[in-house]
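The entries follow the order in which I looked things up.

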Amino acid sequence: MRTLAEVQATLQIAKLKEVDLQSTVHCLSFGDSISSTDYCLMELDETLCKHIESGKSLVIRGDKDERAVLCSEDQTYDLKIADTSNLLLFVPGCKTPEQLAACADSEISQLVHAHIWGLSNSYWELRKQRPRLKKLKKLLMENPYEGPTPAYEEDTHTMQKYTMMDLLERIQASEEEIKAQLKTIHACEIDGYWRMLDFDYEMKLLGHVTQLVDSESWSFSKVSLRVSLEELAPLEPREMIEHCLNCYGRRYTEHGEIFYALDEDSVCRTTALMLLQNAVKFNLAEFLEVWQQSVPEGMGTRLDQLRSLALVDRSSRPETISLLKVEDLPEDTLERFNRLFTMREKWTEEDITPYIQDLCGEKQTTGALLTKYARSSMQKGIKVYNSRRPVAS
């Protein structure tokens, strides 16, 4: 092991002054069985460091055919190997210059003999990314919930169902992001399993609620949970009625009683989905008329309620509207733009924005995405966007 005198002699040969260096010198030694494959390094930002230091865990998720992601309890990160030309050494107990300055004593110089446990010339680089949630709905739609199953059919119903633990194993997203998406897609936990409601069954539940509101002459902003459960319990399970109210209304309490304010936009949007899914294209004028007639009396329909759900073609004669759900488009940014430009050669910013907004990363705008993946031009005084590269039809 080197002595302090040997270190000072080496500094003289190297023409280095002690005053320019830290007062503590680390003397490193290599073990006999060091391997670069024994350890992996991961670069963490301040948020993740605090996450680990507080005793919380990080989880790597992904099936064999998927690129792995790292998840905290509420964020998802892309994992990428970064190579470095400098050899990275693993030295337990090694102190940073800041730590050395904090614990420096009156001695001019001191030696610390450190043993190298491992080495690497690469590390995992993390970058915050959008959660990959498209697979969630796909899994749950394998076995949608169509209502209570008769007792004699329960034993024969063997289709796949998923618990939260199952979803955490399969979906590349954090637990909080998965829970938020389950709420967005109106999923419901039934007997410990997360289920998507069959669309016809969901519409049936919503119909029961809106018909009750009409028969009781209630305001849509004040729907009683207690009365709803009492009146509709003979028709559907009480938990399903309450789930429907949670999906389409805002819950609040008044004088100790629970009420819901039904959301006009949500009800109108779902009604439009029911109409549009049965036709490839719909005459816009006819659709607007049928749509308004189909929603509960007292609610008003507007085209802006259909952002990211339906696409209006103003160039056709007559004007048409067709179903185009953003959730059905690719999650990859380049693939998304290719799909959109395959469907329509030129897009206005107003039309394309709802279909790319979810692609925006942190501090990124739809304008920045359009600049990168599209080319703008003027058409009849209106700015339109088309693909920067040839798109296969």
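Which residue in strand 6 does Tyr77 stand opposite? I looked this up at the outset, bearing in mind that the model is predicted. Tyr77 stands opposite Lys128.

I went through the pairings of strand 4 next. Strand 4 covers residues 76-90 and pairs with strand 3, residues 69-71, in the antiparallel sense over three bridges. Within this pairing I found Tyr77 of strand 4 as the bridge partner of Leu70.

I recorded Leu126 in strand 6 as the bridge partner of Leu79.

**Entry on Ser224**

Is Ser224 buried or exposed? I looked up its relative accessible area, which is 4%, so Ser224 counts as buried, the limit being under 20%. Ser224 belongs to strand 9, which comprises residues 223-224.

I then listed the surroundings of Ser224. Leaving aside neighbours within four places in sequence, Ser224 is in contact with Trp218, Glu257, Ile258 and Phe259. A polar atom of the Ser224 side chain lies 3.4 Å from the backbone nitrogen of Arg226.

**Entry on aromatic pairs**

How many aromatic pairs does a search of the whole structure find? The search gives seven. I looked at two of them in detail.

Tyr252 and Phe259 form a stacked pair, with 6.0 Å centre to centre and 25 degrees between the planes. Tyr252 has a relative accessible area of 18% and is therefore buried. Phe259, at 10% relative accessibility, likewise counts as buried.

Phe287 and Trp291 also form a stacked pair, at 5.4 Å centre to centre and with 25 degrees between the planes. Why are these two residues about one helical turn apart? Both belong to helix 12 (residues 284-294), and they are separated by about one helical turn because they are four residues apart in that helix. I noted Phe287 and Trp291 as buried. Together with Phe282, they form one aromatic cluster.

**Entry on charges over rings**

Phe259 came up again when I looked for charges over rings. Lys222 lies over the face of Phe259, at 5.2 Å from the ring centre. My notes on Phe259 therefore hold its burial at 10% relative accessibility, its stacking with Tyr252, its contact with Ser224 and the charge of Lys222 over its face.

I recorded one further case of this kind. The charged end of Arg344 sits over the ring of Trp347, 4.9 Å from the ring centre.

Notes
Residues are numbered from 1 along each chain as its sequence is written. This is a predicted model: local features need pLDDT of at least 70, side-chain atom pairs count only at pLDDT 80 or more; totals for chains, interfaces and linings use all residues. Side-chain values use heavy atoms; hydrogens and water are left out. Two strands pair if DSSP finds at least two bridges between them. Buried means under 20% relative accessible area, exposed over 50%, partly exposed in between (1.4 Å probe, protein chains only). A polar contact is a pair of N or O atoms within 3.5 Å; within protein, one must be able to donate a hydrogen and the other to accept it, and residues adjacent in sequence count only if both atoms are side-chain atoms. Contact means heavy atoms within 4.5 Å. Rings of Phe, Tyr and Trp (its six-membered ring) pair if their centres lie within 6.5 Å; planes under 30 degrees apart count as stacked, over 60 as edge-to-face and the rest as tilted. A charge sits over a ring if NZ of Lys or CZ of Arg is within 6 Å of the ring centre and within 35 degrees of the ring normal.
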